[in-house]
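Have the viewer open as you go.

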Amino acid sequence: MTTQRERIDLQLADATPATESAARVEAGVAAKSAVAGSKTNLFDLDRASLERFFEETLGEKKFRAHQVMKWIHHRYVTDFADMTDLGKALRAKLEQHAEVRVPQVVFDKASTDGTHKWLLGMDPKNAIETVYIPDKGRGTLCVSSQVGCALNCQFCSTATQGFNRNLSTAEIIGQVWVAARHLGNVPHQQRRLTNVVMMGMGEPLANFDNVVRAMSIMRDDLGYGLANKRVTLSTAGMVPMIDRLALESDVSLAVSLHAPNDELRSELVPLNKKYPIEQLMDACVRYALRKRGTSVTFEYTLMKGVNDQPQHARQLLRLLRQFDNAVQMKDAAKVNLIPFNPFPGTRFERPDDVAIRAFQKLLNEAGMIAPVRRTRGDDIDAACGQLKGQVMDRTRRQAEFQKHLHAQGLGDEAA
Ligand code: SF4
C-alpha cells in the first residue's frame, strides 16, 4: 500500500510544467486583446500582458506599460488625458485602442465597526458584493470571483442563486481598485488595504485564468504590491486546480473543509463526492510542499448539531495532524472556526457560544490554534455568510439593483 507521502511524490512528478500553462494564459490574453474593433480594458491585463499590448498593439516600449500601471493602480487615474508623463501621441493611441472600465458602484455602506460593503454592477443584469474588513494592523478585502456559484454547498446562500457567469480579470481587479481608491490606499506607503481573500461569491478555481491573472496584479509592485502570503485563495476543494495553482501562482491557500469525514462533507459540500477528503488533503500537502514553509488554512463553519460535536473536533484534529506530519512542519495546518451566519430559508443554525468554545477548547488542548472568526459588519449584512445571503435572493437582489440603477437614471439601460 502506498503511503500518503509516496502518493504525493508521484503526483508532484506528474504535474504540468508551469511555463506551459502560463503560456496558455498569455495566449488567451493576447487573443482577447487582438479582437478587431474593440477597445481593450486595461484592467484585464497583468504586467506581462500589458507590456505585450504596448509592444505589439501600440508599437511602444515596455516601460510605458509600467507608467500606465502606476497611473491606474497607484493613483487611481483612468482617463488617459490625465496621464501627464505620457506623450500626446501615445495618449491618443491609448484613447483609440484601450480603456480603463471600472465597475459601477451601485451603492456602498459603512458599518459602525469600520467594515465597508460595496454593491458593484458588473453588467446591466449582474451585481456582486465586495467587503472591506479592518482589524488591528490590517485591512482585508473579501473579493468575488463569479456571479453565483455552481458548487451548491448546502449551507451557502450563494449556492441558492445558482451560477450566472465567471467574472473577468477586469471585474475581479476592479473590486480591489474601487476599495483601494475609496480607502485612499497608497501602495508601498500608506496601506489601508493589506490583504485580499478570494472568498466572496464563487469558486475561484473554477475561474482559474482570470483569478490567477488578477492575483498577479494584486501582488505586482506596479499593481497593489501585496506580499504573496497576503493574498489568499479559498477553494471548496477542486483538487486538480489546487495542483495547477501550485505551479502557476504563489499565494496562500485556504480550504473550505467544514466537515471532518466524507459522509458528512459529501452532504455539506457536494464537490466532496468527486474529490473526497483523502484526495483533497493530499493536494493540500502537495501545495504546502511546493511552497516550502507555508501553511494551509482550513475553514470550518460550525453548524449546530451538524458538525460541532466533540467527535467532529477529534476527527478534525486527526486530519490536521496527519497534514502536519506529511509536510513535516509543525502547525502547517491552521484552522479557522466560523460560527454559521443564518440567512433566510436555511435549515442550519449557529451553535451557541458554549458549544463553540467547547469545540475550540478540544482543539486548543491538543495544541491546535483555532481562532473563532468574529462577526463583522453585522449592521450592513456584510458578515461572513450574510454577504452571500444578500446575494442569494435573485429576485430581491435584482429588484434592489434595478431600483438603484433607476435612481441613478440608468433604469432603461438596465431593463
Ligand atoms: S461555499 Fe463557496 S464554493 Fe460553496 S457554493 Fe458557496 S460560493 Fe460556491
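Which residue in β13 does F298 stand opposite? F298 stands opposite V335.

1. Ground rules. This is a predicted model, in which local features need pLDDT of at least 70, side-chain atom pairs count only at pLDDT 80 or more, and totals for chains, interfaces and linings use all residues. Residue numbers start from 1 along each chain as its sequence is written.

2. Strand pairing. Strands here are DSSP E runs of at least two residues, helices are H or I runs of at least four, and both are numbered from the N terminus. Two strands pair if DSSP finds at least two bridges between them. β12 (residues 296-302) and β13 (residues 333-339) do so in the parallel sense, over 7 bridges. β11 (residues 252-256) also pairs with β12 in the parallel sense, over 4 bridges, and A254 has T297 as its bridge partner in β12.

3. Burial. β12 is largely enclosed by the rest of the structure, because 6 of its 7 residues are buried (20 or more other C-beta atoms within 10 Å of a residue's own, with C-beta atoms placed from the backbone).

4. Ligand shell. The residues surrounding the ligand include C149, C153, C156, E203 and S256 (C-beta atom, placed from the backbone, within 6 Å). By class, this shell has 7 nonpolar, 4 polar and 1 charged residues (Ala, Val, Leu, Ile, Met, Phe, Trp, Tyr, Cys and Pro are nonpolar; Asp, Glu, Lys and Arg charged; the others, Gly among them, polar).

5. After a helix. G367 follows α12 (residues 353-365), and the phi of G367 is positive, near 90°.

Key. A residue is buried if 20 or more other C-beta atoms lie within 10 Å of its own, exposed if 12 or fewer, and partly exposed in between; C-beta atoms are placed from the backbone. The expected span of a helix is 1.5 Å times one less than its number of residues.
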